[in-house]
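Subject: Handing over the structure

Hello,

Here is the structure I promised to pass on to you. Please have a look at it first, and then read my notes below.

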Amino acid sequence: MSTLTQFIRLAALLATLLLPASAAWAQPAKVLKGAQVTEDTLVDMLAIEAPQAAEGGQTRGFRPATSAQGNPARAPGPGKANLMVTFLTDSATLTDDSIKILDTVARALQSDTLAGFAFRVEGHADPRGAAERNMTLSEQRAKAVVDYLVSARGILSERLVAVGKGSSELLDTQRVDAPENRRVTIVTTR
């Protein structure tokens, strides 16, 4: 078999393997809403490192399928979770539904898996209205989330930083007023 034929076969194989991944990258990020926000889901999304095996629990070239505690080993997540955290209109006041979501977020952040990480809480807005107002509102909303997690749920303030993104990172560019564009994103920073 010629080198060119081998190259073509290898290129075709790589294209077959990478095409599904590139299609997934092109899809908009999912925004978790209501019952979709669970402690396990958040831990899976926000944990950016696989848990370390106990001493002697890992050999060269082999990673156990379970953690030292006997639980299935978690693969590192994307380090990011988009959440449908809602506020009263044109304010940074959390709704009752959002408080329930944030209570789940707090439990996830206090889990053994995420206890050593810090997070950026990003507030996002859609582009309706003045850009300056959207930026201010998104900052206030991110701060409201951080304040709730710290004061009501005991998350250490050193682990959280609030950042307003305004309308700079739309998830749905076709429908600027889509709810997904008004969200809170939690990003693992370390």
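A word on terms before we start: a residue is called buried when its relative accessible area is under 20%, exposed when it is over 50%, and partly exposed in between. Asp 90 has a relative accessible area of 49%, so it counts as partly exposed. Please also keep in mind that this is a predicted model.

You will find Asp 90 in the loop that lies between β2 and α3. Most residues other than glycine have a negative phi. Asp 90 is not a glycine, yet its phi is positive, at about 55°.

Now the overall picture. The protein chain has four helices and five strands, and along the sequence they follow the pattern α-β-α-β-α-β-α-β-β. Of its 190 residues, 35% count as buried. The protein chain exposes about 11,400 Å², and carbon and sulfur atoms supply 56% of that area. Among contacts with a separation of 6 or more, 75% are between residues 24 or more positions apart.

Next, the sheet. The five strands form an open sheet with mixed pairing, in the order β1-β2-β5-β3-β4. Which strands stand at its edges? They are β1 and β4; each has a single partner strand, so one side of each is left without a neighbour in the sheet. Strand β1 (residues 31-32) runs parallel to β2 (residues 80-83), and two bridges join them. Here Val 31 has Asn 82 in β2 as its bridge partner. Strands β2 and β5, by contrast, pair in the antiparallel sense, over four bridges. In that pairing, the bridge partner of Lys 80 is Val 187 in β5.

While you are in β5, look at Thr 188, which also belongs to this strand. Thr 188 has a relative accessible area of 10%, so it is buried. A polar atom of its side chain lies 2.6 Å from the backbone oxygen of Leu 46. Leaving out residues up to four places away in sequence, Thr 188 touches Leu 46, Ile 48, Gly 79, Phe 117, Ala 118 and Phe 119.

Several of its residues are buried, including Asn 134, Arg 141, Val 145, Val 146 and Tyr 148. What do the buried residues of α4 pack against? Their partners are helix α3 (96-109) and the strands β3 (119-123), β4 (160-164) and β5 (184-188).

- Val 146 is in helix α4 and has a relative accessibility of 9%, so it counts as buried. Val 146 touches Val 121, Leu 160, Val 161 and Ala 162, not counting residues up to four places away in sequence. Val 146 and Glu 122 are 24 residues apart in sequence, and their C-alpha atoms are 9.8 Å apart in space.
- Asp 103 is in helix α3 and is buried, with a relative accessible area of 15%. The side chain of Asp 103 makes a polar contact with the side chain of Tyr 148, at 2.5 Å. Beyond residues up to four places away in sequence, Asp 103 touches Tyr 148 and Arg 153.
- Val 145 is in contact with Val 85, Phe 87, Leu 94, Leu 102, Val 121 and Val 184, leaving aside its neighbours within four places in sequence.

Val 145 leads on to the core. In soluble globular proteins, nonpolar side chains tend to be buried together. The largest nonpolar core here has 32 residues, and those with the most contacts inside it are Leu 83, Val 85, Val 105, Leu 109, Leu 114, Val 145 and Leu 149. At least two residues of this core come from each of α2 (39-46), β2, α3, β3, α4 and β5.

Best wishes

How values were computed:
Residues numbered from 1 in each chain as written. Predicted model: local features only at pLDDT ≥ 70, side-chain atom pairs only at ≥ 80, totals over all residues. Heavy atoms only, no water. Buried < 20%, exposed > 50% of the residue type's maximum accessible area, 1.4 Å probe, protein only. Contact = heavy atoms within 4.5 Å. Pairing = 2+ DSSP bridges. Core = buried A, V, L, I, M, F, W, Y, C linked by side-chain atoms within 4.5 Å. Polar contact = N/O pair within 3.5 Å; in protein donor to acceptor, adjacent residues only side chain to side chain. Areas by Shrake-Rupley, 256 points an atom, 1.4 Å probe, with all protein chains shown as cover.
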